[in-house]
Amino acid sequence: MKLSQLRMFVAVADCGGFSAAAAQLGCTQSRISHAIAELEGELGAALLLRTRAGSTPTEAGQRALATARQMLRLEADLLDTVGAGSALRGTVRIACFRSIGTHLLPHVVEALAQAHPGLHVEIDDSCEERRDVTDALRAGRAELGIAQLPLDASLASRPYLSDDYVLVLPAALPLDEARGWPAVGALPFIQLGCSGAAAILARCRAAGFAPEPGRSLANDTSIAAMVGRGMGYAILPRLSTFPEPAEVRTVPLPIPARRQFAIAALPDVMRQPAVRAVVRSLQDRTLAARTQAGRAGIIAWD
């Protein structure tokens with residue numbers, strides 16, 4: 001039995017299928033299929049139920065999954081112990097969205113500075129589209145990227161956290177408690193001009209949201225400021241408006257709408273010790289929980 005087999009099994013269970021797991025791990029579907037078949041042969045039980053809709057753990061798979069996660073956590077602990085003793089050095093650059101760089105990465109950078117004093121982390125939070133993150137990775141301007149799914153399948157990726165889209169309204173706007181889209185009078189709709197927001201808007205339109213954009217801006221902070229001045233309302237990610245100014249209120253959408261982030265890198269870069277150390281800190285839920293956004297329940301782990 002190999003840890004790589006367990007890692008692939010966990011990835012398929014988490015992603016719900018072989019294709020998504022292959023994209024996450026930066027390898028081929030056939031390699032994952034072969035590894036899991038070997039693992040099932042060694043354990044003497046089918047671990048996954050394969051259907052057209054995807055793959056889910058069997059009853060035996062659920063039991064194996066819990067132990068597999070424990071073994072992978074032990075591996076991560078061992079790597080952390082060895083890494084601390086081997087004095088990791090170098091620079092890891094992270095390309096991300098502003099909201100991630102503002103609310104989540106400072107705690108990670110602080111923890112890494114304490115655990116690995118020779119490891120320097122730089123943050124480029126100027127990315128407004130997932131393609132900006134991908135371009136930074138491909139051009140060598142960043143070793144790691146954090147962006148909204150879906151990402152380019154050629155990148156190795158690891159799951160990260162998520163946040164919900166919400167209606168962002170002027171605080172002075174009176175609202176009724178009826179379900180559905182609130183009445184906003186003559187206020188214009190301000191659209192966030194990015195691919196992730198466009199996909200959410202399409203879902204909202206299918207659920208009965210009819211207004212056409214009166215404006216379109218690429219910067220969520222600018223949109224929130226305009227909403228606070230009573231110049232319109234918007235649909236924005238919750239993290240991008242946090243903490244809410246007094247002039248703004250957020251209201252849940254009538255439909256569930258969430259953006260899921262992933263940590264990405266070129267496959268060979270993802271295997272570098274310094275990069276692995278940064279990824280482990282990014283995925284440390286205790287660090288995220290200590291942030292102001294984490295304490296407020298703004299972020300979630302899927």
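Reply: Helix α1 (residues 3-15) and helix α2 (residues 18-25) have axes that come within 8 Å and cross at roughly 120 degrees. Helices here are DSSP runs of H or I, at least four residues, numbered from the N terminus, and axes are lines fitted to C-alpha atoms over the stretch in contact, with angles running from 0 to 180 degrees between N-to-C directions. That makes α1 oblique to α2; under 35 degrees would count as roughly parallel, over 145 as roughly antiparallel, 65 to 115 as roughly perpendicular, and the rest is oblique. The crossing of α1 past α2 is right-handed, that is, the near helix is turned clockwise from the far one by less than a right angle.

On the α1 side, R7, M8, A11, V12 and C15 make the contact, and on the α2 side F18, A20, A21, Q24 and L25 (contact means heavy atoms within 4.5 Å). By class that's 8 nonpolar, 1 polar and 1 charged residues, with Ala, Val, Leu, Ile, Met, Phe, Trp, Tyr, Cys and Pro as nonpolar, Asp, Glu, Lys and Arg as charged, and the others, Gly among them, as polar.

Now for C15 in α1. Leaving aside neighbours within four places in sequence, C15 is in contact with A20, A21 and Q24. C15 is partly exposed, at 28% relative accessible area (buried is under 20%, exposed over 50%, partly exposed in between, using a 1.4 Å probe and protein chains only).

Bear in mind that this is a predicted model: local features need pLDDT of at least 70, side-chain atom pairs count only at pLDDT 80 or more, and totals for chains, interfaces and linings use all residues. Residues are numbered from 1 along each chain as its sequence is written, and side-chain values use heavy atoms, leaving out hydrogens and water.

Key: Helices (H or I, at least four residues) and strands (E, at least two) are DSSP runs, numbered from the N terminus.
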